[in-house]
Amino acid sequence: MAKSSKLRIAFIHPDLGIGGAERLVVDAALGLQSLGHSVDIYTSHHDSNHCFDETRDGRLRIHHVIPPLPRSIQGKFHILFAHARQLHLTMHLMRTSAQQYDVFFVDQLSTCIPFLRMFCRKRVVFYCHFPDKLLANGAYVEGRQGKNVSLLKSIYRFPMDWLEEATTTQADLILANSKFTARVTKSHFSSLRHQLKVVYPGINIAAYISPIDPSDPDILQVASQRRTLLSLNRFEMKKNAALAIEAFAILRNKDRNTLDVRLVLAGGYDPRLEDNIRTLESLIELARFSGLTYNIITPLQSRVAVPSFPNITLNEPDILFLLNFTTAQRSGLLQAQSTVALLYTPANEHFGIGPVEGMICGLPILACDSGGPTESIVDQPTDQRTGWLYRPQSSVWAQALEEICNLSETDRKALSQRARDRAQNMFGMDAMAKSLEEVLEEAVSMGPVSRTGMWLVMFAALGLVVALIVRYGSFSG
């Protein structure tokens with residue numbers, strides 16, 4: 001295909017909510033559109049009350065195909081139903097509009113890849129955030145053996161893990177969000193012969209640095225004159241937001257000059273997900289145990305009910321829990337003169353867009369010394385520093401926070417400029433979109449797909465779905 005040709009691209013993403021993977025999909029689609037390509041996003045779940053603004057305000061074409069299957073049964077079989085829901089989405093796409101596209105962009109779940117290639121004879125690019133097989137038993141820690149699991153779970157996971165690897169290897173080109181993810185994926189997928197290309201997630205820089213309206217009710221809801229430590233992460237156990245609370249409590253007890261500092265924990269919260277519910281409950285309990293006041297809020301237009309907890313402090317709490325922040329609230333918090341640092345608590349994070357969001361706004365970043373943040377953040381030498389990388393230990397983080405809170409104005413300004421420059425040069429949406437454009441054009445240039453070699457994978461996936469539908473029918477019947 002000629003370099004100047006514009007592509008018709010279909011994105012396939014399982015759940016278009018609020019999270020890092022969803023942010024990447026949205027920004028990738030926007031970036032490719034800005035280059036003149038036609039983009040459609042197909043998803044099995046899209047809630048207009050729990051999504052990024054760009055997916056509901058008409059800037060992107062979203063095709064929400066509601067599946068007849070649940071996400072789980074009594075909190076179990078998540079990955080089984082995820083495979084089935086994606087295949088339902090794929091079948092809808094193949095029946096209706098698949099032939100109009102030049103290439104498919106798939107991320108998170110690879111189940112659909114052999115079907116798209118076999119029946120549509122179109123090329124597929126797969127973006128690997130991280131292998132699910134390595135997350136099934138909790139957070140992945142490089143170099144550490146996984147947790148022991150029961151025989152029953154091992155039997156359940158074996159076909160799921162085989163299917164993930166077998167379908168991933170069917171992709172024409174495979175991308176990874178970091179060198180860390182690429183290395184780990186290659187080492188754990190023994191049949192993978194592809195060379196994974198790293199395309200770092202990019203952000204829409206203009207959306208983060210555009211002037212904000214301080215009179216916006218959403219911004220007024222979260223604004224404060226108190227110095228602010230900010231954390232942006234989904235309310236999931238693996239994100240380890242407890243580290244931020246523990247370090248903050250130590251800091252407050254250690255340095256009396258930080259009594260004016262507050263902590264804002266903002267992120268996606270889905271009341272359908274048990275993990276989100278349990279995470280918020282545990283963080284509230286930790287705040288109370290640490291003697292810190294707290295409040296829980298949602299955006300004014302949110303239809304997600306604020307969970308009920310005792311001893312809420314409405315006026316200037318030590319910790320503000322912000323569930324499902326709006327774009328305006330995110331920008332307002334990141335740009336606020338009172339915000340002194342962004343805390344990124346997950347260890348072994350596959351990439352982590354949070355540090356980049358903070359850097360583009362000139363904030364010092366405190367993150368764990370593992371995974372993707374070691375590629376986005378410069379810790380040493382100090383004259384090139386854009387943030388601090390430390391092991392996830394609350395006493396160590398408290399010491400780093402004390403240093404950050406007491407930075408001189410000169411040092412803070414110099415660090416802010418270095419952070420902005422690094423984010424703009426390496427992690428802008430334009431750079432990501434151009435890299436994706438090159439990969440998608442390379443995939444299309446391969447020509448029509450041969451139909452050999454995919455039957456086993458397809459029959460296995462179909463058998464899985466048929467068995468599930470039959471089984472689920474017995475549950476619901």
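**Close-up views of a predicted model**

**View 1. Helix α4, its length and its kink.** As in every view described here, the coordinates belong to a predicted model. The axis of α4 bends by about 30° at R157, a kink that lies shortly before the proline P159. R157 itself is among the buried residues of α4, which also include M160, D161, L163, E164, E165, A166, T167 and T168.

**View 2. The packing of helix α1 against helix α15.** Two packed helices are described by the angle between their axes together with the distance between those axes. For α1 (residues 20-34) and α15 (residues 429-445), the angle is about 75° and the axes are 9 Å apart. Angles of 65 to 115 degrees count as roughly perpendicular, and α1 and α15 are therefore described as roughly perpendicular to each other. On the α1 side the contact is made by L24, D27, A28, L30, G31 and L32, while α15 contributes M429, M432, A433, L436, E437 and L440. Sorted by class, the residues in this contact of α1 with α15 comprise nine nonpolar, one polar and two charged.

**View 3. Helix α8 and its buried residues.** Helix α8 is formed by residues 242-254, and its 13 residues reach 18 Å from the first C-alpha to the last, which is close to the 18 Å expected at 1.5 Å a residue. The buried residues in α8 are L243, A244, I245, A247, F248, A249, L251 and R252. One of these, A244, is also touched by L343, the residue shown in the next view.

View 4. L343 is found in strand β12, which covers residues 339-344. With a relative accessible area of 0%, L343 counts as buried, because that category takes in values under 20%. Not counting residues up to four places away in sequence, L343 touches L229, L230, S231, L232, A244, L263, L366, W397 and L401. I312 lies 31 residues from L343 along the chain, and the C-alpha atoms of L343 and I312 are separated by 24 Å.

View 5. K197 is placed in strand β7 (residues 197-198) and is partly exposed, with a relative accessible area of 36%. Leaving aside neighbours within four places in sequence, K197 is in contact with I174, L175 and A176, and also with S435, E438 and V439. Although K197 and A176 are 21 residues apart in sequence, their C-alpha atoms are 6.1 Å apart in space.

View 6. N311 is exposed, with a relative accessible area of 58%, whereas E316, at 37% relative accessibility, counts as partly exposed.

View 7. Q380 and P381 are joined by a cis peptide bond, for which omega is about -5°. P381 is placed in the loop between α12 (373-376) and β14 (387-390).

Terms used
Residues numbered from 1 in each chain as written. Predicted model: local features only at pLDDT ≥ 70, side-chain atom pairs only at ≥ 80, totals over all residues. Heavy atoms only, no water. Axes fitted to C-alpha atoms, helices over the stretch in contact; angles between N-to-C directions. Helix = DSSP H or I, 4+ residues; strand = E, 2+ residues; numbered from the N terminus. Parallel < 35°, antiparallel > 145°, perpendicular 65-115°, else oblique. Contact = heavy atoms within 4.5 Å. Nonpolar A, V, L, I, M, F, W, Y, C, P; charged D, E, K, R; others polar. Bend = angle between axes of the 7 residues up to and from the residue. Buried < 20%, exposed > 50% of the residue type's maximum accessible area, 1.4 Å probe, protein only. Expected span 1.5 Å × (residues − 1).
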